[in-house]
Amino acid sequence: MADIAIIGGGAAGASLFGELLRRGDAQVHWITGDRTVAGRGVAYAGGSDRHLLNVRAHAMGLFAGSDGEFLQFATQRMDGVGADDFLPRGLFGDFVEAQVRACADQALQQGRRFQIHGDDAVQLEPLCDGGYAVRLANGLLIKADAVVLALGALSPRPLKAVSREALQSGAYVLDPWRIASREPAPRRVLVIGTGLTAVDTLLSAADRWPEAELVALSRHGQFPFEHATLPLPPHPRQSALNTALLASDGLHAMLRQVRDAIEAAPQADWRSLIDGMRPINARLWRRLDAKQRRRFLRQLRWLWEAARHRVAPASAEALRRMRGEGRLRVHAARVLEVDGHGPLRVSVRHRATQQTDTLPADLVIQATGLDTAVAYTEHALLSRLLRDGLAMPDPLQLGVAAHPDGQLLNARGELQVGLYAIGALLRGNLWECGAMAEIRVAAQQLARRLATADDGQARTSGAVAPAPRASLASIP
């Protein structure tokens, strides 16, 4: 029986942990870090009930083929829940926590072995006979035949335009999920970003400081588009479009095919067309060479993110209401400099006029979303993997370089046998891989691969000392 180590305490780690426990053909070590509750991660940690999932309740789940389980869970905890509702992110976090406990309980009853370590992994050491020794911050060494990085989003880095003085002032918030209470309340709050993270940040700021003026800015000033209130029927041109896309040669041809399909069926909703591309998105991304990918990131990424990752109708309505009341202003502008010590001065260049302007703010919150630039990260384990040559960054800083099956490439560009990633770290390889729909399928496939792959000889123990059977009390 192989020993598998999962590093990362978010939903991707939880999905793979559950899949491996349910298979029962591996001894699993889940290294969750110092999270209060394993499995919730940043996305589902809770907070405001106004932070809504951007997927309908019936389509959410932790495991592949488990559609409906979250809906059943939600109906037992909330009144009036419908299958097509967009429910709070924190409620899905509660569901993940419950699923993890149920899997662990069942595994205990069946006599399967696993351990959950509430500490950080800081180093991987390849072993002479195959596999790895995973060193934790507390000094413990865990031996594993295969290791999976399920680290999720990296800690945000300040924009280059932010001065040291602004960072030290306390008026510039780098992590939008960790905003401390402020006295006196800010009169003007400026949010950098207009994606999903920025939407939740603005909704939280509106609740926390009801008298504050809110400002949001990004290069295009575009919030995510809105989901339809009810599910849309399949687009009549979907099958033809997907076939044409997979036969297209390059980004320009793909874009033309999408435009033609939308124009060919003006009565249909373009949103269903974008949703219907989901099964082939990874294949389309892999068809693009490095130059085409770079062009996509520079010219089309903002539009794709807004069209593909849409917001719940209630969130969109809240933004419209705040803008209509004059409480929220949105700028399409590039940040040139953030300076000062309170209030801060945000120098920008407006996209439409190319004129420069200075926007004062008592509080500036960086909400630019997912950071995948591992070459610049301060994450202890990732930076050590790069230094040791066990991994290398994706050329476009979209996570780590990897094989399509998730196995990492080392500094020589060779497969690093037995070392895998799942989730956002594979964005350079798969592009769309960070949502639960993709994560749970990847977890199922990876669990199956780990159970059958000859990545090394199984060990009699997954730790330096024999690992005791886990109990539910070991789950944070």
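The following legends describe close-up views of a predicted model.

Local features are reported at pLDDT of at least 70, and side-chain atom pairs count only at pLDDT 80 or more, whereas totals for chains, interfaces and linings use all residues. Residues are numbered from 1 along each chain as its sequence is written, and side-chain values use heavy atoms, with hydrogens and water left out.

View 1. Seen here is an open sheet of 7 strands with mixed pairing, in the order 8-14-9-10-11-12-13. Strand 8 (172-173) and strand 13 (356-361) stand at the edges; each has a single partner strand, so one side of each lacks a neighbour in the sheet. Strands are DSSP runs of E with at least two residues, helices are runs of H or I with at least four, and both are numbered from the N terminus. Two strands pair if DSSP finds at least two bridges between them.

**View 2. The parallel pair of strands 9 and 14.** Strand 9 (residues 188-192) and strand 14 (residues 363-366) run parallel and are joined by 4 bridges. Leucine 190 has valine 364 of strand 14 as its bridge partner.

**View 3. The salt bridge between aspartate 362 and arginine 187.** The closest N and O atoms of this salt bridge are 4.0 Å apart. Aspartate 362 lies in the loop between strand 13 and strand 14, and arginine 187 in the loop between strand 8 and strand 9, so the pair ties together parts that are 175 residues apart in sequence. A salt bridge requires a side-chain nitrogen of Lys or Arg within 4 Å of a carboxyl oxygen of Asp or Glu. Aspartate 362 is partly exposed, at 22% relative accessible area, whereas arginine 187 is exposed, at 65%. Buried means under 20% relative accessible area, exposed over 50%, and partly exposed in between (1.4 Å probe, protein chains only).

**View 4. The salt bridge between arginine 320 and glutamate 226.** In this salt bridge the closest N and O atoms are 2.8 Å apart. Arginine 320 belongs to helix 12 (residues 313-324), and glutamate 226 to the loop between strand 10 (213-218) and helix 6 (238-247); the two are 94 residues apart. Arginine 320 is partly exposed, with 44% relative accessibility, and glutamate 226 is partly exposed, with 25%.

**View 5. The salt bridge between aspartate 175 and arginine 178.** These side chains meet at 3.8 Å, N to O. Aspartate 175 is partly exposed, at 22% relative accessibility, whereas arginine 178 is exposed, at 69%. The structure holds 24 salt bridges.
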